[in-house]
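Hi,

Here is the model I promised to pass on. Please have a look, and then read on for what turned up in it.

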Amino acid sequence: MNISLLQRIFFFTLGCCFLFILLLGSVIWSSQAIELAFSRNHYAQQLTNQTNTLKQLVANDNIYDSHYSINDWRSVEVKLTALLKSSPHLTEQQKTIQNSLQSQNESLKSLFILINKNKLKNASEIIKKHLKAKLMIQLEAIRSDALHLSAIAQKDIYDTIKKQAILIISVSAVSILALLFGAFTLTSIVRKSLNEVKRAFETNHSGDYQNIQLSHHSQEFDSIAEAFNIMNEKLSESTVSLTEMKKIVEERTHVLEQLSKTDPLTKVGNRRALFERANMEFSRAMRSKSKLTLLLLDCDFFKNVNDEFGHLFGDELLIHICSICGQEIRDIDFLARYGGEEFIIVLPNCDIAGGIETANRIQNSLARHCVAIEGKKVCVTLSIGISMLSERHKNLDQLINDADKAMYLAKENGRNRIEVLPAPNLH
Amino acid sequence: MINKNVTWSLISLVIFSSAAWFYFNFESHWQQPKYPLMIAVSKTPLSTPFYVAKAIGAFDETCVSVKFDEVVGGQRAFAKVMSGEVDFGTSSDSVIAFQSLTNKAFVTHAMFVQSDNDVKLITRGSAKINSTMDLKGKEIGVTHGTASEYFLSTLLALEGLTTEDVELYHYKPEQLVNGFINKDIDAFLPWEPFGFQSAQLLNGQIKVHETKGLNTLSFNLISVTADNLLVEKAKCVIQGLSIAMDYIASHPRESKQIVMDELKLTAEFIDWVWSDYIFKLGLNQSLMLSVESQAIWAVATQMTQFNEVPNIERFIDSRAMLQVMPNAVNIPQ
């Protein structure tokens, strides 16, 4: 059942009021019960007093004396009888004692009338004494009953006060527990719900549109959560999240980086990529004292091909050369367009012999694979200059310069050939 | 969540099983021991609290399991107590007074009923006995050593007569009416139910004199001088009687029916006597004084061979009553 916080507070207050009324009711009931018990006790004490007065009247005087005034006795006896008729409301047990009291009083009156009938002129002293004793016994019986009644009333007072004290303590304890429980529950619901709403806002702030899931349901927080969730839904529909945005930017950056390092025609590395990679390999070779060889390739008579078959074919030819080179080099080698129809291949961990071998493989492969145009086969050759890193190379430019020199040497020496700088010992 | 529920169910089951096991194993240790008791109950409506207690199972809630030995008159109940045939008995204060003179080792634990009209003076109509003075020289039947004899002696004394001035015949309580029918006696003093039975039987031939209030009689629970165990048993008997007293006060019609069934009495008789009875547990100084005055009377009028009245306090044992109803005890400690 979904109850609103206001309803909870209302029920909680209602419960407290009920407990308070219960407490108040019990106090009123108890005070009445105690008042009744006091009136019973008072009644019993009055009976005791009247009986004691009668006892004194019997004990102090000679009741058989002709001058004995029975008026005193009668007035007290009338009071006692009247008192017995005006008893307060009594319990069943007390009613039994009341019946006994009334019966004893009747016996008392009968006995007194008997004694005063001619003052027992025929009776002996023994029976007179005996009847006086009986009168005293009768009075004592009334007194005992009155005391019993008083004791019961006093016990009732004690029991009622004790019962009331226990009730007040119990109701107070229950009230305090209920108050604590209610306060704790309300605080807990409000605190948890507020935390959950706060967390949802924080999550939202970071661009993650998550719905609020409330652990405690209340109409107030449920309506907040509902409004928030609707807002979230609309936001997530119209907004690209930051995560997605980052991903797109990374993809675009990667593409741009690729573009900035790639020759747009041949799709191999451009000059920037060449110098970046070659510098890295140069530094590594210098650091680790490993070998590094560069091949500088230049297409022979490329201008003539361009003039004869057009620039488009020239472009196609360059792409073809790159494709051949790409097939013949290792994975760790790097091919880049140096400029025009010139290409450089960086060969890490490779000496002059390895460079010559690679250059040979490229020339052979190119010789085998000519490019067809308008039904004619066009074959091109490459002049390749090779340079290997040595102690005299202080930077990459010097190494490239050596490869360039070697390539021009190959051109001078008739093209489609390989030249090495510095000249290896094996030549 | 399910696992948690299962765990709690298992723990609850274990706790309940253990509690049940302990309860059934140690139940006998917690329960009070049940003492089997025999009580000599006088077959009179004065014993109503005993019959009601038995009928409503009031003794079942106490430490005693009670059996009744029904006798005619408190004197026989007293004799059975003293001979050890029964544990407790019911006797009138008159019997206690007469027996106290014999210095027997007995005690009174509680008074449970009183009546101011139980013993009646019944005379033959033709004998023309209109006042106590007219009893002089007449043959009168009483039960020796009981309220019957005591009441006659006080009635006579009121007019300056003694038992010497009449011809006294001693009968068992149930035999009194036979003596009257056989014309051996002209007057007799029976107690109920014999008074009513005689009135029914001899309707028209007799006169029942108005003596209400002249002799208050009480019925009491007695036993031999009590040790602690007997006091404990007396306590349980009184507890049962207390429950019966409450029942009589709240269910008078049902209580009357119980006594009618037990004593085979008519509704007419119960209505005749019921208003005279006050069923109430107590142990008062008035009882002591009553016993004492009756004992003094018996000695003074030479109704007994004994001539010394003992200290009556010896015959009162308030320990059981003090445990059950301390409020109803009013004697000097």
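How many helices and strands does chain A have? Chain A has 11 helices and seven strands, taken as DSSP runs numbered from the N terminus (helices are H or I with at least four residues, strands are E with at least two).

A word on conventions: this is a predicted model, where local features need pLDDT of at least 70, side-chain atom pairs count only at pLDDT 80 or more, and totals for chains, interfaces and linings use all residues. Residues are numbered from 1 along each chain as its sequence is written, while chains are lettered from A and ligands numbered from 1 in the order in which they are written.

Now the interface. With contact meaning C-beta atoms, placed from the backbone, within 7 Å, 32 residues of chain A are in contact with 29 residues of chain B. Two elements of chain A give two or more residues to its side, helix 3 (92-116) and helix 4 (125-205). Helix 4 gives the most, with 15 residues.

On to the cores, meaning sets of buried Ala, Val, Leu, Ile, Met, Phe, Trp, Tyr and Cys residues joined through C-beta atoms within 7 Å; buried means 20 or more other C-beta atoms within 10 Å of a residue's own. The largest nonpolar core has 128 residues, and B:Ala53 and B:Ala244 are among those with the most contacts inside it. Helix 4 of chain A gives the most to this core, with 12 residues. A second, separate core of 48 residues includes A:Leu296 and A:Phe343. Of the 427 residues of chain A, 29% count as buried.

Best wishes

Terms used:
Two residues are in contact if their C-beta atoms, placed from the backbone, lie within 7 Å. A residue is buried if 20 or more other C-beta atoms lie within 10 Å of its own, exposed if 12 or fewer, and partly exposed in between; C-beta atoms are placed from the backbone.
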